[in-house]
Amino acid sequence: MAGLKDKRGFIDTERLDLSERKAVEYWMKRWGVTRDQITAAHRKVGRLTKDIAAELGKKR
């Protein structure tokens, strides 16, 4: 993960902030889902990436 950054510094791999574009793009590419799917899962289960991954049916 070294070198993976957003505007605040290194991307937090535990929590997802939808306002951080690079972090959202990273998880979109990693899980192979759209921004809308991530947004819907984020609203439903919260900020933790493991919960969002479980909602989307993906491995973290």
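Which side chain meets that of Glu25 in a salt bridge? The partner is Arg21, with 3.1 Å from N to O. A salt bridge here is a side-chain nitrogen of Lys or Arg within 4 Å of a carboxyl oxygen of Asp or Glu. The model is predicted, so local features need pLDDT of at least 70 and side-chain atom pairs count only at pLDDT 80 or more, while totals for chains, interfaces and linings use all residues. Residues are numbered from 1 along each chain as its sequence is written, and side-chain values use heavy atoms, with hydrogens and water left out.

Glu25 and Arg21 stand four residues apart in helix α1, so about one helical turn separates them. Helices are DSSP runs of H or I with at least four residues, numbered from the N terminus. Glu25 is partly exposed at 33% relative accessibility. Arg21 is also partly exposed, at 48%. Buried means under 20% relative accessible area, exposed over 50%, and partly exposed in between (1.4 Å probe, protein chains only).

By this rule there are two salt bridges. In the other, Lys44 pairs with Glu55, and the closest N and O atoms are 3.1 Å apart. Lys44 belongs to helix α2 and Glu55 to helix α3, so the pair ties together parts that are 11 residues apart in sequence. Lys44 is exposed at 60% relative accessibility. Glu55 is partly exposed at 34%.

Helix α2 spans residues 35-45. Its residues Ile38, Thr39, Ala41 and His42 are buried. Seen down the helix axis, the buried residues of α2 fall within an arc of 165°, so they line one face. The arc is taken from the directions from the helix axis to the C-beta atoms. These buried residues pack against α1 (21-31) and α3 (49-56). The face turned away from the buried side carries exposed Asp36, Arg43 and Lys44. Just after α2, Gly46 takes a positive phi of about 115°.

The largest nonpolar core has 12 residues, among them Ile11, Leu16, Trp27, Ile38 and Ile52. Helices α1, α2 and α3 each supply at least two residues of this core. The largest share, five residues, comes from α1. Such a core is a set of buried Ala, Val, Leu, Ile, Met, Phe, Trp, Tyr and Cys residues joined through side-chain atoms within 4.5 Å. In soluble globular proteins, nonpolar side chains tend to be buried together.

Leu16 is one of the core residues. Neighbours within four places in sequence aside, Leu16 is in contact with Ala23, Val24, Trp27, Ile38, His42, Arg47, Thr49 and Ile52. Contact means heavy atoms within 4.5 Å.
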